[in-house]
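Please read it beside the sequence and the coordinates.

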Amino acid sequence: MILAKKVRLKPTREQTIQLWKSVGTARWAYNWALAKQEENYKIGGEIISDRILRKELTILKQTDEFAWLYEVSNNITKQAIKDLCDAYKRFFEGLTHKPRFKSSRKSKASFYNDNVKLKVKGNKVLIEKVGWTVTSETIPNEKYFNPRISFDGKYWYLSVGIDTSRPTVELTDVSLGVDVGINKLAICSDGEKKKNINKTISVKKAEKRLRRLQRQVSRKYNKNKEGNRFVKTGNIIKIEKKIRHLHRRLSNIRMNHLHQSSNDIVKTKPYRLVMENLNIEGMMKNKHLAKAIAKQCLYEFKRQVQYKCEKYGIEFVEANKWYPSSKMCSSCGSIKNDIKLSDRLYSCKCSHKMDRDLNAAINLSRYELAI
């Protein structure tokens, strides 16, 4: 199976300038291809293939106006166009939302590097049109899949896919059910609970600091307003840098907690693991819970558990979203339709009482038997 390897890059000042050129060119090529697809869609045409768009871009590069495209690798623009065409096809297949134009402020700063031209020598990697760049650790010198260079607001990173063999693991005869929620990240049918990291002191302090900085920069923008235009001063730039770093810190704390929790669950080595197929998009429509659900990163947690199950040869089962795991009694099997979200204790007419989330996890562990 293919697993990702991510290492930090330590570019020089000149290399950093070239990296930003590559990011900007990739974004421009993506938006250019999207504009072409949108224009063609309005007149009733079919999806333009990435091959046609790439040929058109090659002709465009030969003009004086777009000669600057030669400053970066041509593989960057080719892959950006291919990514857009793939996203457009998935949209028409009903798998994703409609692709949007990327902005320099909100879009992720990243670009593609050709896997054949990516060379590794010790703790250095060769990036096209950038040169040999120092890395924080060595990368195995093997065949790479989908190399991407990205910027997270503070550091540059290189991520590559590496084909690795599955480890031999002796599994138990346990069927593990995992119920996810807002109060706790996950509750397992064996009684194991994973806390909500957003309720910890470190996260609350960082969020409080973030709110203060956001209010501070908002006041400075209003103070330096000139007519309908906002002036970005040196102090505003400094505060916005601090805000970016705080967003990065919060994201890293949550991602680290997800990896630790998913590792702990998978390493209990059940032969089968069952999770509910949650309608995250529908849950986000609840204005009272949307922020708490977004910060829990439930989809990312399920994705991590799923690929780690595949790594260790554990059967991953997704229960139907209409499966009444929270309404069913894990003792007698009766359904309680009048249960509310505020009811944290499941109480059945058969005198069975249990924590609501633990009851749901036990029902999930018996999912195939129940149906």
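One aromatic cluster is formed by Trp28, Trp32, Phe66 and Trp68, where rings of Phe, Tyr and Trp (its six-membered ring) pair if their centres lie within 6.5 Å, planes under 30 degrees apart counting as stacked, over 60 as edge-to-face and the rest as tilted. The model is predicted, so local features need pLDDT of at least 70 and side-chain atom pairs count only at pLDDT 80 or more, whereas totals for chains, interfaces and linings use all residues. Residues are numbered from 1 along each chain as its sequence is written, and side-chain values use heavy atoms, with hydrogens and water left out.

**Aromatic pairs**
- The whole structure holds 12 aromatic pairs, among them the edge-to-face pair of tryptophan 20 and phenylalanine 151, with 5.0 Å centre to centre and 65° between the planes.
- Because tryptophan 20 lies in helix α1 (residues 13-42) and phenylalanine 151 in strand β6 (residues 144-151), this pair ties together parts that are 131 residues apart in sequence; helices (H or I, at least four residues) and strands (E, at least two) are DSSP runs, numbered from the N terminus.
- The rings of tyrosine 221 and phenylalanine 230 are also edge-to-face, with centres 5.9 Å apart and planes at 90°.
- Tyrosine 221 is buried at a relative accessible area of 19%, whereas phenylalanine 230 is partly exposed at 41% (buried means under 20% relative accessible area, exposed over 50%, partly exposed in between, with a 1.4 Å probe and protein chains only).

**Charges over rings**
- Lysine 102 lies over the face of tyrosine 30, at 4.3 Å from the ring centre, and the charged end of lysine 121 sits over the ring of tryptophan 132, 4.9 Å from its centre; the criterion is NZ of Lys or CZ of Arg within 6 Å of the ring centre and within 35 degrees of the ring normal.

**Helix α4**
- The 23 residues of helix α4 (residues 201-223) should span 33 Å at 1.5 Å a residue, which agrees with end C-alpha atoms 33 Å apart; the expected span is 1.5 Å times one less than the number of residues.
- The buried residues of α4 are Val203, Ala206, Glu207, Leu210, Leu213, Val217 and Tyr221.

**Open sheet**
- Five strands form an open sheet of mixed pairing in the order β10-β9-β8-β13-β14, two strands being paired if DSSP finds at least two bridges between them.
- Strand β8 (residues 175-180) and strand β13 (residues 272-276) pair in the parallel sense over four bridges.
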